[in-house]
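Hi there,

Here is the structure I promised to pass on. Have a look at it first, and then read on for what turned up.

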Amino acid sequence: MLELAIKGSKRYWGWMALLAAVVGVGFLVYLQQLSFGLGITGMSRDVSWGFYIANFTYLVGVAAGGVMVVLPYYLHDYKAFGKITILGEFLAVASLVMCLLLILVDLGQPMRMLNVIFYPSPRSVLFWDMIVLNGYLFLNIVVGWNVLEAERNGTSYPFWLKPFILLSIPWAISIHTVTAYLYSGLPGRGFWMTAILAPRFLSSAFAAGPALLILLCLVVRKLTRFDPGREQIQSLAKIVAYAICINVFFFLCEVFVAFYSNIPEHTAHIKYLFVGLEGKGALVPWMWTSMGLMAVGIILLVNPVTRRQEGVLAVACVAVFVGTWIDKGLGMISGGFVPSPLHHVNEYAPTIPEILITLGIYAMGALVLTALFKMAISVKEEVAG
Amino acid sequence: MEDSRRNFLKIAGISALGLGASPVLDAFSKEEGLQTPQMIQGEKALKATHWGMVIDTRKIHSSEDLNPMIAACNKIHNIPKLETENHEIKWIWAEAYHNAFPEKETNFLNERLEHIALPVLCNHCEDPPCCRACPTQATFKRESDGVVMMDFHRCIGCRFCMAACPYGARSFNFRDPRPFIKETNLEFPTRMKGVVEKCSFCAERLAEGKLPACVEASNGILIFGDLDDDKSEVRQALRENYTIRRKQNLGTGPSVYYIV
């Protein structure tokens, strides 16, 4: 089926070339990072993880969000989603490609990467993260490919595939749970050390993933002859509505526990993010923007009148996507490191090279996503005749 | 025709996968690959089952009293002096009381403690969170004497240990440190960019029968010895004085004690 991805219009190739150019720029900057070291980023002794790990965490969520179309179709036999499960699976594949690349560029010694396999360390959460992420990538490629191939041939997917499909559902939950455990099991990092971190990650993932999927469905409908369907988009919209409400609720639970108990180790980080600490508050406007966007998202998505208008729905989805990205991508990681365990307030901001490398990886993800979606949609168009 | 070609490709693909996987499986089966690296011990090596340190803050009169021990460490361990604070490498350094013990912050601190700086370093924890976090066992606790060590050659630079350490004891080489070393000590390795490092209780000196460099230069402020030996100097100091440890409530079991 790969041939479908290399037969395309001028517009398709133009878009791919544009993405490839951005990938190229990112790669060149990465070569510079490789020769100089991670010192070209904004990370420091106190804030030792930054933009790469933050975006990694966010995209693990987007990948896990794909399960929100797989689960209703395969477990609840919700037929409408049958049309778009492949889009969810391929979105997961593209997200995971970005996740793995972000980990790679974050390593100080990437050529020693295989040490994780040569010296397997089951006590390290990173070891398990490697297993669940690669496993989920494998599951989605195998399932997506075979289901699509069966659709093309007008048959049902092979019987041996069903266990893989069922396994992929809890596996999706596991990737974000394990990723949350990277943070929540660390003594002395009060911001992350909360049992609700994994549920929080999952709720924001189930908002962000399907929100992106809705936007992609709208784009696909506009650009191709394949219509993902109004019912499908509306069902996704309800999922986003519930998930974003739960996400904000979980956050408020955190705020209550931190400020009613008033334990400084827990309040300091939230204070830093929302009002600033010791005169430093680079993230304050960002965090309030994030809260505002999520509130707008909730209002537009919960209200059926606005949700049913696809133009407004698109706005709501953008608000949810950007709002959760700021929350998790900017706040969650920096917020955990500031103040430091020795209570120094050293702020972090990504540098231009760091942003360019990250953009290159996003472009790579978009490239993979476009090729996979092109394949899937060509099959759908072919089948429809 | 179509069908046989597809089958051929399938078989070829599976074979290629098998060939690719074999070195990985070999590595898994090799037992010695899993062992932590060893440091050869000299004939006169100092021996203990649990190295520990007691810091007598009463002997610190100003932050300048800490300079000799910090300088001694920096010199023998080839610690670079970097231009930006963000990239700093620190093994032992000075902190104010409320930074060393942020959970014990008070408005009415003893005047002496208010005005001095305290030395801080890796605590060589009994249950080190950094070693739990490391995905390659590049940082590990030496079972024989409790020293938490680093293998600079195995470290992949993921910095999970830095997030895990509640004492900020770890530094990362954000760039090549070599141009920033004033005088290279050829008896100790320099590091390369992209790896994490920290205090090793001078394991390389203990192996030669010498005390840690900071202890030697400390003018009696630092006491070093075997915490498991009740006749040792550290145990005597612990018996005679009330001591505190950093972030004791986290259960990491620091091996560095402070007489305040």
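A salt bridge here is a side-chain nitrogen of Lys or Arg within 4 Å of a carboxyl oxygen of Asp or Glu. Keep in mind that this is a predicted model.

With that rule, one salt bridge is found across the interface of chain B and chain A. Arg159(B) forms it with Asp106(A), and the closest N and O atoms are 2.6 Å apart. On the side of chain B that touches chain A, at least two residues each come from α1 (2-29), β2 (92-96), α5 (129-133), α6 (160-164) and β6 (171-172). By class, that side has 27 nonpolar, eleven polar and 14 charged residues.

The contact involves 52 residues from chain B and 41 residues from chain A. About 4,100 Å² is buried between the two chains, with carbon and sulfur atoms giving 55% of that area. In chain B, the residues that lose the most area to chain A are Ile156(B), Phe160(B) and Phe174(B), together 16% of what that side buries.

Now to chain A itself. His176(A) lies in helix α7 (residues 161-184) and counts as buried because its relative accessibility is 0%. Beyond its neighbours within four places in sequence, its contacts include Thr57(A), Phe201(A) and Lys328(A).

Helix α11 (residues 284-302) of chain A has 19 residues, so at 1.5 Å a residue it should span 27 Å, which agrees with the 27 Å between its end C-alpha atoms. Among its buried residues are Met287(A), Met291(A) and Met294(A). The cover over the buried residues of α11(A) includes α9 (230-261) and α13 (310-337) of chain A.

Best wishes

Methods: Residues numbered from 1 in each chain as written. Chains lettered and ligands numbered in written order. Predicted model: local features only at pLDDT ≥ 70, side-chain atom pairs only at ≥ 80, totals over all residues. Heavy atoms only, no water. Helix = DSSP H or I, 4+ residues; strand = E, 2+ residues; numbered from the N terminus. Expected span 1.5 Å × (residues − 1). Buried < 20%, exposed > 50% of the residue type's maximum accessible area, 1.4 Å probe, protein only. Contact = heavy atoms within 4.5 Å. Buried area = accessible area lost by both parts, 1.4 Å probe. Nonpolar A, V, L, I, M, F, W, Y, C, P; charged D, E, K, R; others polar.
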